[in-house]
Amino acid sequence: MHYTKNSIGNYQSGVEVMFRNSIHQHAIKETVTKYGYSEELLRKIYDLNSDLLKVVESAKLAKHKKAEVFKKKNDLLTSVKKEYMRHVKLARIVLGNNIMAEEALVLNGARARTHKEFVFQMTVFVSNLLKNKEWLEALGVFNIKQENIKGLENHLSDYARLSELCLEAQGEVKRLTTLKKKMLTEIQSYVSDYVKVVRIAFEEKPKLLMSLGIRVKE
């Protein structure tokens with residue numbers, strides 16, 4: 001019985017049955033006690049498995065939360081990009097002959113390929129545009145006002161906040177995954193030895209082995 005050969009759910013169910021019956025079936029508990037498995041040790045393994053179940057559930061919730069926050073971030077970025085590119089295209093029309101504006105607002109050339117660099121370009125555009133009243137007024141011909149650029153700035157702030165939440169969610173998933181593997185390895189070390197012992201102890205009592213969820217060799 002090894003966790004790598006079963007789903008975690010099935011493995012935990014098997015371990016739960018094995019040690020619950022070892023604790024509550026007198027014939028089993030009395031025999032395994034002679035092999036060094038006191039009720040205290042049996043309960044320790046049983047409780048460790050219960051704790052693992054909590055970690056597994058927490059890991060599932062953490063993965064779900066991670067997926068949700070990443071989706072929010074990506075959806076927001078898609079929306080902000082669309083809004084930003086509309087402003088850039090219009091800015092190129094009214095400020096195309098203004099070398100200083102072209103450089104300060106990064107109007108020329110292709111947009112950055114990576115998200116990080118693209119966000120940086122958007123941030124530079126918004127920041128420098130809000131600092132220059134003349135450029136803002138020039139965009140007014142297309143009904144682009146300061147409040148529109150401020151709105152874009154707020155969206156970028158929201159994106160930065162979601163990016164931080166993504167890092168936190170990713171870190172929590174990693175932490176719980178590491179803890180889950182550590183606990184599984186610890187439980188497996190107990191289970192592996194216990195199965196070997198009870199196979200010896202109940203070699204002539206196959207029904208007791210079956211009650212522990214252990215296949216009887218024919």
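1. Let us begin with a term: helices (H or I, at least four residues) and strands (E, at least two) are DSSP runs, numbered from the N terminus. By that rule the chain has eight helices and zero strands. Read from the N terminus on, the elements go α-α-α-α-α-α-α-α.

2. A word on where the values come from. This is a predicted model, in which local features need pLDDT of at least 70 and side-chain atom pairs count only at pLDDT 80 or more, while totals for chains, interfaces and linings use all residues. Residues are numbered from 1 along each chain as its sequence is written, and side-chain values use heavy atoms, with hydrogens and water left out.

3. Now the overall shape. Along the principal axes, the C-alpha atoms of the chain fill a box of roughly 95 × 30 × 20 Å. The chain has a radius of gyration of 31 Å, whereas a compact globule of 218 residues would have one near 17 Å. That radius is taken over C-alpha atoms, and the globule rule is 2.2 Å times the number of residues to the power 0.38.

4. How much of the chain is buried? Buried residues make up 38% of the 218 residues. Here buried means under 20% relative accessible area, exposed means over 50%, and partly exposed is in between (1.4 Å probe, protein chains only). As for contacts (heavy atoms within 4.5 Å), among those between residues at least 6 apart in sequence, 68% join residues at least 24 apart.

5. Have a look at helix H1 (residues 8–24) and helix H2 (residues 26–33): their axes come within 5 Å and cross at roughly 90°. Axes are lines fitted to C-alpha atoms, for helices over the stretch in contact, and angles run from 0 to 180 degrees between N-to-C directions. H1 and H2 are therefore roughly perpendicular to each other. For angles, under 35 degrees counts as roughly parallel, over 145 as roughly antiparallel, 65 to 115 as roughly perpendicular and the rest as oblique.

6. Which residues of H1 and H2 meet? Asn21, Ser22, Ile23 and His24 in H1 meet His26, Ile28 and Lys29 in H2. The residues of this contact divide into two nonpolar, four polar and one charged. In this count Ala, Val, Leu, Ile, Met, Phe, Trp, Tyr, Cys and Pro are nonpolar, Asp, Glu, Lys and Arg are charged, and the others, Gly among them, are polar.

7. Next, the inside. A nonpolar core is a set of buried Ala, Val, Leu, Ile, Met, Phe, Trp, Tyr and Cys residues joined through side-chain atoms within 4.5 Å. The largest has 33 residues, of which Tyr84, Met122, Phe125 and Leu129 touch the most other members. Helices H3 (39–94), H4 (99–104), H5 (115–131), H6 (133–139) and H7 (146–201) each supply at least two residues of this core, and H3 gives the most, with nine residues. Apart from this core lies another, of 32 residues, among them Ile23, Ile45, Leu184 and Val195.

8. Finally, some loop residues. Most residues other than glycine have a negative phi. Val106, in the loop between H4 and H5, has a positive phi of about 50° although it is not a glycine; at 24% relative accessibility, Val106 counts as partly exposed. Asn143, in the loop between H6 and H7, also has a positive phi, near 65°. Asn143 is exposed, with a relative accessible area of 54%.
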